[in-house]
Amino acid sequence: MPGALSPRSRVNAMSTPELIRIVSRDSPMALAQVERVRAELTALHPGIATEVVPVKTTGDKWMGDLSLVEGKGAFTKEVDAALLAGQADLAVHCVKDVPADRPLPAGTVFAAFLKRDDIRDALVHPGGRTLDELPAGTRIGTSSVRRVAQLAASHPHLLCVPMRGNANRRLEKLAAGEADALLLAVAGLERIGRTDVITEALPVDLMCPPIGAGILALQCREDDTDTIDAVSGLGDPDTYKEASAERMFLHVLQGHCNSPIAGFAHAERSGGLSLRARVFTPDGKTVLNAHEWAGPLDPATLGTSVAVALLRQGARELIDSIAH
Ligand SMILES: NCc1[nH]cc(CCC(=O)O)c1CC(=O)O
C-alpha cells in the first residue's frame, strides 16, 4: 500500500516523545545550559516540546567547605534523584561536577556529550589587570584546590581566599569587596553572558583545567530508550572521546575532594587523541605530570594509561597524604 509505514518505522514514529522534561540545578548558569539543550533539541526535533524542572542541590545551599557535606556529587545528587524518580526525563550536568571515581547512579546513562566549550579559567579583576600585573597580597576568591595549588606554584605572592556560590553570586561578592579578583571558568561566564568581566583567559599550561571542563552531559534513565534515541543526536563525537579519556583517568586515579587534580584530552582534526594530566600537592610545590597520545588505544584506555603513569610517579601516596 503506498505510503504505508513498515512495522519497524511505525514503532519508531510512535516512540518519539512528545514532551521531554529537563531537570537541572536552578542557578543562572545551569538554566542557560538547559536553554542551549532546548534550542539544539528543537532544531533537531521540532515536534518535541520541552519543560524545565529546576532543583536546588546541596552544593547550591551549603556555602561552607564541600568536603563537610557530600563533597563530590554535591551538585548532582538531587538532579539524579529527580531523574530516577521519574519527575523528569533528561538531566543536564556539567561533566566537571559529575563524580568520576564511581559509576553513574544505577539506572542512568549518559546519552550525549554536547560540543565542548572553552576549557580555560579566566581572571576577573575589576581593575583590568592580568595575573602577572597583580601586586603581592592581592586576594583571589576561589575555594578550588586545583586553582589554589596552581596559583601557589606560579604566583606565590598572591593570596587565595575561600569563595563559593554560583558564578553570579561570586561576582556579587567580588563587587562587595570580599576578594580583589576571581578565577572562574570562561565557559561558565559565557553561559551567563558575562564575558565582559574577563581580564585574562589563562593558558592551560599555567592553569590546567579540571577534568570535564566546558562539557555538558545529557543523562537519561537507561530503560528510557525513547528519550535516549531522541537526544543522542546532540552528541559531539570528539567531545565524547575527550570526556571518556578524562573520566577514565579520574576513575583510575581515585582522587578525593581535596586532591588538586587537573587534565584535559584533546581530539585533533587528524583523528589523534592526547591526554595531559597533573597532580599537585596543595602548596603546588610538587607537580606530577603526564602527557600521552592514544595511538591505537581507545579513549578509555588512554585515560587508564595516563593515570597509571602518574601512579608510577607516586600519585597515590601524594593524594592519600592530603587531609580529606
Ligand atoms: N563548580 C561549578 C562549575 N561547574 C562547571 C563550571 C564551569 C563550566 C564548565 O566547565 O562546564 C563551574 C563554574 C566555575 O568553575 O567557574
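Predicted model: local features only at pLDDT ≥ 70, side-chain atom pairs only at ≥ 80, totals over all residues.
The protein chain in this model is divided into three parts, namely domain 1 (7–114 + 215–235), domain 2 (121–201) and domain 3 (242–320).

**Domain 2 and domain 3**
- The C-alpha centres of domain 2 and domain 3 are 25 Å apart, and the contact draws on seven residues from domain 2 and 11 residues from domain 3.
- On the side of domain 2 that touches domain 3, the residues fall by class into five nonpolar, one polar and one charged.

**The shell around the ligand**
- Because both domain 1 (7–114 + 215–235) and domain 2 (121–201) give residues to the shell around the ligand, the ligand lies between these two domains.
- Among the residues around the ligand are Cys94, Lys96, Asp97 and Ala167, and also Ala213 and Gly214.
- Strand S8 (181–185) and helix H7 (186–191) each provide at least two residues of this shell, and Leu184, Ala185, Ala187 and Gly188 are also included among the residues around the ligand.
- Sorted by class, the shell consists of six nonpolar, two polar and two charged residues.

**The largest nonpolar core**
- The largest nonpolar core has 86 residues, and within it Leu182, Leu218, Val231 and Phe249 touch the most other members.
- Helix H9 (residues 237–253) gives the most to this core, contributing six residues.
- Leaving aside residues up to four places away in sequence, Leu218 touches Val37, Leu90, Val92, Phe110, Ala111, Ala112, Val231 and Leu234.

How values were computed: Residues numbered from 1 in each chain as written. Near = placed C-beta within 6 Å. Helix = DSSP H or I, 4+ residues; strand = E, 2+ residues; numbered from the N terminus. Nonpolar A, V, L, I, M, F, W, Y, C, P; charged D, E, K, R; others polar. Domains from an automatic or database assignment. Contact = placed C-beta atoms within 7 Å. Core = buried A, V, L, I, M, F, W, Y, C linked by C-beta atoms within 7 Å. Buried ≥ 20, exposed ≤ 12 C-beta atoms within 10 Å, placed from the backbone.
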